[in-house]
Amino acid sequence: MDHRTAVIILAGFLGAGKTTLVNRLLSAPDMDGSAVIVNDFGALNIDAERLGEASNAVYSLQNGCICCSVQNDLLAQLESLARRRPQLKRILIECSGVSDPERIIQTLAYPRLKQLLRLDGVITLVDSSHHLTLEGDYARLARAQTAAADVLLLNKTDLASAAQLDELRQRFTRQNPRALLHECVQAELPDALWRTPRHDEPSASETAHSHAKAHSELFSSWHWQSAGRFDSTRLRRWLAELPAALLRLKGLIRLDNEARPFWLQQVGGRCEFHPAQQNEQPMHLVFIAQSDFNGQNTLINKLESCLLET
Ligand SMILES: Nc1nc2c(ncn2[C@@H]2O[C@H](COP(=O)(O)OP(=O)(O)OP(=O)(O)O)[C@@H](O)[C@H]2O)c(=O)[nH]1
C-alpha cells in the first residue's frame, strides 16, 4: 500500500475557475485531513485570503509563480507539510493562472519529495468562453496547461456558445487525447474525477520541458491599497471601461455605506462582487496585465477618482 500523501495539481489560465473549484472541494465530505497550497502571481494572495475564510488548512505562496520564481518555496512548503503532518491525506496545489503545471510535476519528481508525496492527478480548468480568444504566447501558455492535464474541465459553459464548446472539444481531443473531458459551470466536478488517481509516476522525459518565455516577459502585475471606499456608480463605470490588456483584477473593496466589504473579481470583460466575511483590512486590489500594457498610471488615477470624498 502506498502511504505517501496524495497531491492534486489544479491549473488553468487566469480566472478559469481554480479558486471556485478549491472552494467546492474544501466543502466535500472527505476533505478533512487535506491541505491547500495556493499560489498567486501578484504581491498579494487574494485567493488564499478568500479561501482562508472557509478553511484554516490553506497555505499561501505569493509574489511569483510556483513553476519558476518561487519553485524552491513550493518544494520547501511541500516537504515541510509532508514531514510535519505525515497523517495528511491529500495536498491540493492551486497554481497561479500563469503557471505551467509541467514544472510542478517536475518539482514533485525530486527524490526527496517523491518518497513523501505521490501525484494523483492534474486537473486543468478552461474558461470555455475565453480560451479561444487567447493568442501568441498567452495561447502557448494555456496550451501547456491543458497539455499537462489528466482531467480537463471545460468550465463556464454558461458563457460559451455551442460553436465554442464544439471547437474546444475537438481541439482537446486532438491535443490531449488521454485527458478526461468534463463540461461544467462553477467548476462543478463529479467526485469520481478527482478522487480517482490518474497520473502515472512522472518520468525523466516527462519532466524535461523547457519554459518558453519568462513570466515577466508576458505579464506585469501591481497592487493598490486604500483606506477609503468607492462610490459604486463611479466604480461600475470604471470597470465597464477596463482595457482588454488588463487580464485579471481581484481584491477586497468597500462600497458606499455598506458595512461589509466585497470580493471584486474581474476577468474576460466580466465583473462580480461577492460579500466578504468580516474583514478589518483596507481595500486592496491586484492587477495582472499583458506586459506591453502601459496605461497603469491612467488606470489608477481614474480608479482613485471613484473614491468617496472623506
Ligand atoms: N459565469 C461563470 N462564472 C464563473 C464560473 N466559474 C467561475 N466563475 C467566476 O469567474 C471568476 C474567476 O473565478 P476564480 O475561481 O477566482 O478563477 P481562478 O482561476 O482562481 O483565478 P486566478 O487565480 O486569478 O487565475 C469569479 O468571478 C468566479 O465567480 C462559471 O462556470 N460561470
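This is a predicted model: local features need pLDDT of at least 70, side-chain atom pairs count only at pLDDT 80 or more; totals for chains, interfaces and linings use all residues.

Colleague: Start with strand S2. How many of its seven residues are buried?

Modeller: Seven of the seven, across residues 34-40, so S2 is largely enclosed by the rest of the structure. Buried means under 20% relative accessible area, exposed over 50%, and partly exposed in between (1.4 Å probe, protein chains only). Strands (E, at least two residues) and helices (H or I, at least four) are DSSP runs, numbered from the N terminus.

Colleague: Which residues sit on each side of S2?

Modeller: Ser34, Val36, Val38 and Asp40 are on one side, with Ala35, Ile37 and Asn39 on the other. Both faces are covered. In a regular strand the side chains alternate between the two faces of the sheet.

Colleague: And which strand pairs with S2 over five bridges?

Modeller: There are two answers. S2 pairs in the parallel sense with S4 (residues 90-94) over five bridges, and with S3 (residues 58-62), also parallel, over five bridges. Two strands pair if DSSP finds at least two bridges between them. On the S4 side, Ser34 has Arg90 as its bridge partner. On the S3 side, Ile37 stands opposite Tyr59.

Colleague: What do S2, helix H2 and S3 make together?

Modeller: A right-handed β-α-β unit, with H2 covering residues 46-52. Right-handed means that, with the strands pointing away from the viewer, the path from the first strand over the helix to the second runs clockwise.

Colleague: New topic. How many residues are in the largest nonpolar core?

Modeller: It has 46 residues. Ile9, Leu78, Ile91, Leu117 and Phe219 have the most contacts inside it. Helix H3 (residues 71-84) gives the largest share, five residues. A nonpolar core is a set of buried Ala, Val, Leu, Ile, Met, Phe, Trp, Tyr and Cys residues joined through side-chain atoms within 4.5 Å.

Colleague: Where does this core lie relative to the domains?

Modeller: Domain 1 (5-213) and domain 2 (217-304) both give residues to this core, so it lies between them. The domain bounds come from an automatic or database domain assignment. There is also a second, separate core of 24 residues, including Leu239, Leu249, Met283 and Ile300.

Colleague: What does Ile9 touch?

Modeller: Leaving out residues up to four places away in sequence, Ile9 touches a list that includes Ile93, Cys95, Pro101, Leu119 and Ile123. Contact means heavy atoms within 4.5 Å.

Colleague: Now the rings. How many aromatic pairs are there?

Modeller: The structure holds eight. Rings of Phe, Tyr and Trp (its six-membered ring) pair if their centres lie within 6.5 Å; planes under 30 degrees apart count as stacked, over 60 as edge-to-face and the rest as tilted. Trp222 and Phe287 are stacked, at 4.9 Å centre to centre and 5° between the planes. Trp222 is in S8 (residues 219-226) and Phe287 in S12 (residues 283-290), 65 residues apart.

Colleague: Is Phe287 buried or exposed?

Modeller: Buried, at 0% relative accessible area. Trp222 is buried too, at 9%. Phe287 has another partner: the rings of Trp238 and Phe287 have centres 6.4 Å apart and planes at 85°, so that pair is edge-to-face. Trp238 lies in helix H10 (residues 232-240), 49 residues from Phe287.

Colleague: What about Cys306? Where is it found?

Modeller: In the segment after helix H11 (296-304). Cys306 counts as buried, at 3% relative accessibility. Beyond its neighbours within four places in sequence, Cys306 is in contact with Arg229, Phe230, Asp231, Arg234, Leu235 and Trp238.

Colleague: Last one. Which residue has a positive phi of about 60° although it is not a glycine?

Modeller: Lys156. Most residues other than glycine have a negative phi, and most peptide bonds are trans. Lys156 is in the loop between S6 (151-155) and H7 (162-175), and counts as buried at 16% relative accessibility. Asp256 also has a positive phi, of about 45°. Asp256 is partly exposed, at 26%.

Conventions
Residues are numbered from 1 along each chain as its sequence is written. Side-chain values use heavy atoms; hydrogens and water are left out.
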